[in-house]
Amino acid sequence: MAKPTYQRPRGTYDIIPPDYETWRWLIETFERNSLNAGYARISTPVFESEQLYTRSVGDDTEVVTKEMYAFEDRSGNRLSLRPEGTAGIVRAYIENGLSNRPKPVKLYKIEPMFRYDRPQAGRYRQFYQAGVEVFGSAEPLIDAQVIALAARFLRQIGVDFSLQINSIGSAASRKTYIAKLRDYFQPHLKKLPELAQAQLASNPLRILDSKDKSLQKLIEGAPQIIDYLDKASAQAFQQVLEHLDHFGIEYDLNTRLVRGLDYYTGTLFEFWGSHQGMQNAIGGGGRYDGLVEQLGGRATPAAGFDLGLERLIAELQKKPSQIPTQKPQVYLVSIGDDAKAQAFLVEQQLLDAGISTVCELTRKNLADQLARAAKLGVEYALIIGKKELIDQTVIIKEMASSNQEVMPTAKLAAEMARRFSVT
Ligand code: HAM
């Protein structure tokens, strides 16, 4: 096939039928779980001021330094496509006065994100995240509840995962730890890649998150943050783990986990899929008790997570399909042109009544049309021939039993709605 004139941008993809069925199922399942747990949906713009991200995600993180789709608009405003969703939701929380609502304020979102990442399997430049944010409670129970929501969803859709968990403690304990890290990396300064050298000066924690292979050995030997937690942070983290034990959620204590975004405080976690490793994190999150204040709001503890939908779909593709597909409920069979016109009218009446209906522009014979109805998996074939047209009736054929009955056309839609319990 000749190359088409226009192609999608690198790192993006089209979702073509029937693939959206999987997406719809994931989104609906996530949505149902979130609503059940008392979360309300929020949606924020796809672009925000660039500064919102440099200040929250952090201006020396890889996400900001290498991956932002930042641009200037025609009025000279510096904007960026969102590389992640938490900063925008915090902005919206402050701007819309959501802090005045009863706490905790529980929000969920399902939105596209944009990162100028090197495209590869499971890594895209436009990708979808589904996640939650909870504002207004510092209780360790919240951390565990948020993790449990993600874990329940992953279990429901049948994705195998391991939960990796760590704590980076309060700002004070992090300060002591960062000083230790600086002492550890300093003697190796000359050998460090340029970015790591800059990070050593600005925030050595970032070095631990480096994807650079040449650094991995050095990173492995680095001091561990868990040994530098202050008493309150250590106690809070202990409680999170106890709640998880109580809920029966297994976890791996991963003292190397720092995550690539600056706003975290306390608990951090990632869900890893069956390809273990940071690149294959199917989701991540944690506490960010300082971010609301940092972005101009009142001091508000918060926690949340996001799951990468493409990575979940990749995990699901490794297993036999268990994704329910939407089937039409009835198929309209017609014989002859006049009956066809009547069938299209009946199709409109059935659609008005909320019945999922197929009526095709085919001139195939009765047997072929019935075969097509069987293939689509409908419960009823509704047959209109010459006689039915004159009598203003329809033959209802139940596909499973092959039983047939005759129904006045005027009563059909109501009868089908009753049988399919459409209200
Ligand atoms: P994150 O770890 O940067 O966290 O992203 C969450 C998930 O998004 C990742 O685990 C991964 O599954 C998916 N993801 C990230 N980058 C890509 C990519 N280029 N292509 C495909 N999938 C990707 C956050 O974004 C935080 N907002 C999570 C959070 C919410 N923390 C607190 N609240």
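Which polar backbone atom is 3.4 Å from an oxygen atom of the ligand? The points below start there.

1. An oxygen atom of the ligand is 3.4 Å from a polar backbone atom of Gly308. The protein buries 95% of the 660 Å² that the ligand exposes when taken alone (accessible areas by the Shrake-Rupley method with a 1.4 Å probe; for residues, only the protein chains shown count as cover).

2. The model is predicted: local features need pLDDT of at least 70, side-chain atom pairs count only at pLDDT 80 or more, and totals for chains, interfaces and linings use all residues. Residues are numbered from 1 along each chain as its sequence is written, and side-chain values use heavy atoms, with hydrogens and water left out.

3. For Asp306, an N or O atom of the side chain is 2.9 Å from a ligand nitrogen atom; for Asp117 the corresponding distance is 3.4 Å. Polar contacts here are pairs of N or O atoms within 3.5 Å; within protein, one must be able to donate a hydrogen and the other to accept it, and residues adjacent in sequence count only if both atoms are side-chain atoms.

4. The ligand has 25 residues around it, of which Glu84, Thr86, Glu133, Arg259 and Tyr264 come nearest (near: a heavy atom within 4 Å). By class, nine residues of this shell are nonpolar, eight polar and eight charged. Ala, Val, Leu, Ile, Met, Phe, Trp, Tyr, Cys and Pro count as nonpolar, Asp, Glu, Lys and Arg as charged, and the others, Gly among them, as polar.

5. Strand 10 gives the most to the shell around the ligand, with five residues. Strands are DSSP runs (E, at least two residues), numbered from the N terminus.

6. Elsewhere, five strands form an open sheet of mixed pairing, in the order 13-12-14-15-16. Strand 13 (357–358) and strand 16 (404–408) are at the edges with a single partner strand each, so one side of each is left without a neighbour in the sheet. Two strands pair if DSSP finds at least two bridges between them.

7. Strand 15 (residues 393–398) and strand 16 run antiparallel and are joined by five bridges. Val394 stands opposite Met407 in strand 16.

Definitions and conventions:
Helix = DSSP H or I, 4+ residues; strand = E, 2+ residues; numbered from the N terminus.
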